Amino acid sequence: MYIIEAELLPTAGVTAPWPTATLVQEVFWPLARSEDRLEHLRARVGPRGIGLVLFVASTDGRQALRATRGLCERVSRTAPLLAGWTVAACTPFDPQDDHLPGA
């Protein structure tokens, strides 16, 4: 199991109001595929953008990162709720880093 942090940032065309964390989470699940190996997802909407923490069932960290980035890009491309949002980061979770994605 790997914990991956991702950050979605708005492009210039995105205007308020931004989606809620609950809506962001709800839009991910229908677009997740079995090969994404998504087990759990948490979203946080902050002043900079949307922070995500994804739990991915994988035995390979690089594969977990690729799958997570692919899922985030698929969601930002296809979900109308996230039209105009872009994947700015996708990194392994670091428990010693107190930065919250999207903050």
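**The sheet and its surroundings**

A: In this predicted model, residues 24 or more positions apart account for 73% of the contacts with a separation of 6 or more. The secondary structure comes to 2 helices and 4 strands, and from the N terminus on the elements follow the order β-α-β-β-α-β. The radius of gyration is 13 Å, close to the 13 Å that the globule rule gives for 103 residues, so the protein is as compact as a globular protein of that length. Along the principal axes, the C-alpha trace spans about 40 × 30 × 20 Å.

The sheet itself is open and has 4 strands in the order S2-S3-S1-S4, with antiparallel pairing. Its edges are formed by strand S2 (38–45) and strand S4 (85–92), each of which pairs on one side only. From one strand to the next, the twist averages 20°. As a general point, strands of a sheet pair through backbone hydrogen bonds, either parallel or antiparallel. Here, strand S1 (residues 2–10) and strand S4 run antiparallel and are joined by 7 bridges, and within this pairing Glu 7 stands opposite Ala 89 in S4.

Both helices pack on the sheet, as the following contacts show. Helix H1 (residues 21–31) touches S2 and strand S3 (50–56), and the direction of H1 makes about 150° with that of S2. Helix H2 (residues 61–78), in turn, touches S1, S2, S3 and S4, and its direction makes about 165° with that of S4.

The cysteines deserve a separate word. A search of the whole structure finds 0 disulfides, and the sulfur of Cys 72 lies 5.5 Å from the closest cysteine sulfur, that of Cys 90, which is too far for a bond, since a disulfide requires the two sulfur atoms to be within 2.5 Å. Cys 90 is likewise in no disulfide, its nearest cysteine sulfur being that of Cys 72. Cys 72 has a relative accessible area of 0% and is therefore buried, while Cys 90, at 12% relative accessibility, also counts as buried, because the cut-off for that class is under 20%.

For the chain as a whole, 38% of the 103 residues count as buried, and the accessible surface comes to about 5,800 Å², of which 55% belongs to carbon and sulfur atoms.

Key
Residues numbered from 1 in each chain as written. Predicted model: local features only at pLDDT ≥ 70, side-chain atom pairs only at ≥ 80, totals over all residues. Heavy atoms only, no water. Pairing = 2+ DSSP bridges. Axes fitted to C-alpha atoms, helices over the stretch in contact; angles between N-to-C directions. Contact = heavy atoms within 4.5 Å. Rg over C-alpha atoms; globule rule 2.2 N^0.38 Å. Buried < 20%, exposed > 50% of the residue type's maximum accessible area, 1.4 Å probe, protein only. Areas by Shrake-Rupley, 256 points an atom, 1.4 Å probe, with all protein chains shown as cover.
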